[in-house]
Amino acid sequence: MPAIELPDAEIQCAQLAELIRPELRPDTLLVGIHSGGVWVARRLQRLLDLDTEIGLIDVSFYRDDYRAKGLHARVKPSSIPFDVEERPLILVDDVLYTGRTTRAAINELFDYGRPASIQLAVLVDRGHRQLPICANYCPWKVVLDPSQELVLSTDADDRLTWSLAEHA
Amino acid sequence: MHNPQLNANGELSHLLSIEGLPRDVIVHILDTASSFLKVSARDVKKVPLLRGKSVFNVFFENSTRTRTTFEIAAKRLSADVINLDVTRSSTAKGETLLDTVDNLVAMHADMFVVRHAASGAPYLLASHLRRIGRDDVHVVNAGDGRHAHPTQGLLDMYTIRHYKKDFSNLVVAIVGDILHSRVARSDIKALTTLGAAEVRAIGPETLLPTEIKKMGVRVCHDMADGLRDCDVVIMLRLQNERMNGTLLPSAREYFHCYGLTQEKLRLARPDAIVMHPGPMNRGVEIDSDVADGPQAVILPQVTFGIAVRMAVMGILAGN
């Protein structure tokens, strides 16, 4: 695989905030997908000076690969501390890949009510979509091989950093 | 030794008893349950996890509450639930347990929730399913004889963890008819596995099983002695049907010695919680002042029970 240069994820969060800012409405709410999406949503909340709480969503109960994978990973409780009814939502994730996680998250959000709209904000779109889903806000587009996994993590100083793992 | 509850990959395939469950499996169930608890608080109390799966409630012994909570849990996971009143149908006509099961498997059952008066019946089912090569069908024990009631044990652990956070310093008293109680056996196993500091079994000599000390509990025949400084009091139902025998002189006498009153509860720690698996006999094992008092967490137990059963079924059906 050709080596790619990994950008600074904190700078990307600032870029993402600037992409969102012109479209932001006073009643817009952010919903982060566990766990990377929640980290990014927390930064956007600060960068955009939002005083509303952010929603957290764990899509484990809505995944389409449950039959194959079961319920293994530690499921975190979803928490949507506001009424989604007729509100514009921005769903936040770190990586957009097949689109299946986004699909599951949208399904879960609709079990909380009928939002006015849902937009998608991600740090990176890495290609290979399997569903008709695209991001509204995305500072970085790169095409990676399916054997590669782009992982967002927080370091000891709570800074977001990218790493690239290779699978056999 | 082969653990009948685990599949070839060491994952939980059936829930038959707390005995033999590794600590991390118990913790995984409790953690998953806390996520399901939020689902029940939503407007749409349903997730699509078990969509298209058929869960058969097969109760060979009467129970309204346990059956209902399993039914609610399965429905909140989007499964189709079929309740079979086997006591009045096939069994009464002479069909054996395994023939009943074979028929239900032929109807494409994905999971059985089983209650049976005979200890070991769910185990018999699970080993039968293995023998016929149906590892994709799962069994949940909803109470078998005097042996085990693992989901009650797990929901009790969930309740204790919810209020007390950590097990390591806890003193837990289990009071009453331990001899006939599968709940007590499951609780004791779970508390031991999760590392509770001390488990006390309180009751009259006639209602404590002889092998109880081997389970690692402290036996107390005196209620005051047993309740002193404990953090959790689990009251057991005095099963009325046992009152006719020679085990107890009378319900009044029992209440006098082992019924939980506010006065006796004051011996426990001030922040002690009071639990009861239900249904309660007010004025027999528990006084109304306690049952309706600030230390009782009996109704939260019911709410947690649904989330715990959702977690168990969600984990089993995925393995």
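Where does A:Ser35 lie in chain A?

Hi everyone. What we have here is a predicted model, in which local features need pLDDT of at least 70 and side-chain atom pairs count only at pLDDT 80 or more, while totals for chains, interfaces and linings use all residues. Residues are numbered from 1 along each chain as its sequence is written, and chains are lettered from A and ligands numbered from 1 in the order in which they are written.

Back to the question. A:Ser35 sits in the loop between S1 and H2 of chain A. Those labels are DSSP runs, numbered from the N terminus: helices are H or I with at least four residues, strands are E with at least two. The peptide bond from A:His34 to A:Ser35 is cis, with omega near -10 degrees. Chain B has a cis bond too, from B:Gly278 to B:Pro279, with omega near -10 degrees. B:Pro279 is in the loop between strand S9 (273–275) and helix H10 (288–291) of chain B.

Why point these out? Most peptide bonds are trans, and most residues other than glycine have a negative phi. On phi, A:Glu86 is not a glycine, yet has a positive value of about 60 degrees. A:Glu86 lies in the loop between helix H3 (66–69) and S3 of chain A. Is A:Glu86 buried or exposed? A:Glu86 counts as exposed because it has 11 C-beta neighbours inside 10 Å. The cut-offs, with C-beta atoms placed from the backbone, are 20 or more others within 10 Å for buried, 12 or fewer for exposed, and partly exposed in between. B:His108, also not a glycine, has a positive phi of about 65 degrees, and its place is the loop between helix H3 (97–106) and strand S3 (111–116) of chain B. With 9 C-beta neighbours inside 10 Å, B:His108 counts as exposed.

Now, helices. In chain A, H1 (residues 9–20) and H2 (residues 36–47) pack at about 60 degrees, their axes 9 Å apart. Axes are lines fitted to C-alpha atoms, for helices over the stretch in contact, and angles run from 0 to 180 degrees between N-to-C directions. That makes H1(A) oblique to H2(A); under 35 degrees would be roughly parallel, over 145 roughly antiparallel, 65 to 115 roughly perpendicular, and the rest is oblique. On the H1(A) side, the contact is made by A:Cys13, A:Ala14, A:Leu16, A:Ala17 and A:Ile20, and on the H2(A) side by A:Val40, A:Arg43, A:Leu44 and A:Leu47. In contact here means C-beta atoms, placed from the backbone, within 7 Å. These residues divide into eight nonpolar, no polar and one charged. Nonpolar covers Ala, Val, Leu, Ile, Met, Phe, Trp, Tyr, Cys and Pro; charged covers Asp, Glu, Lys and Arg; the others, Gly among them, are polar.

Next, look at H4 (residues 100–110) of chain A. Its buried residues are A:Thr101, A:Thr102, A:Ala104, A:Ala105, A:Glu108 and A:Leu109. Seen down the axis of H4(A), they fall within an arc of 160 degrees, so they line one face of the helix; the arc is that of the directions from the helix axis to the C-beta atoms. Their cover includes strands S1 (29–33), S2 (55–57), S3 (88–96) and S4 (117–125) of chain A.

Finally, how many residues of chain A are in contact with chain B? There are 15, touching 15 residues of chain B. The chain A side has seven nonpolar, four polar and four charged residues.

Conventions. Contact = placed C-beta atoms within 7 Å.
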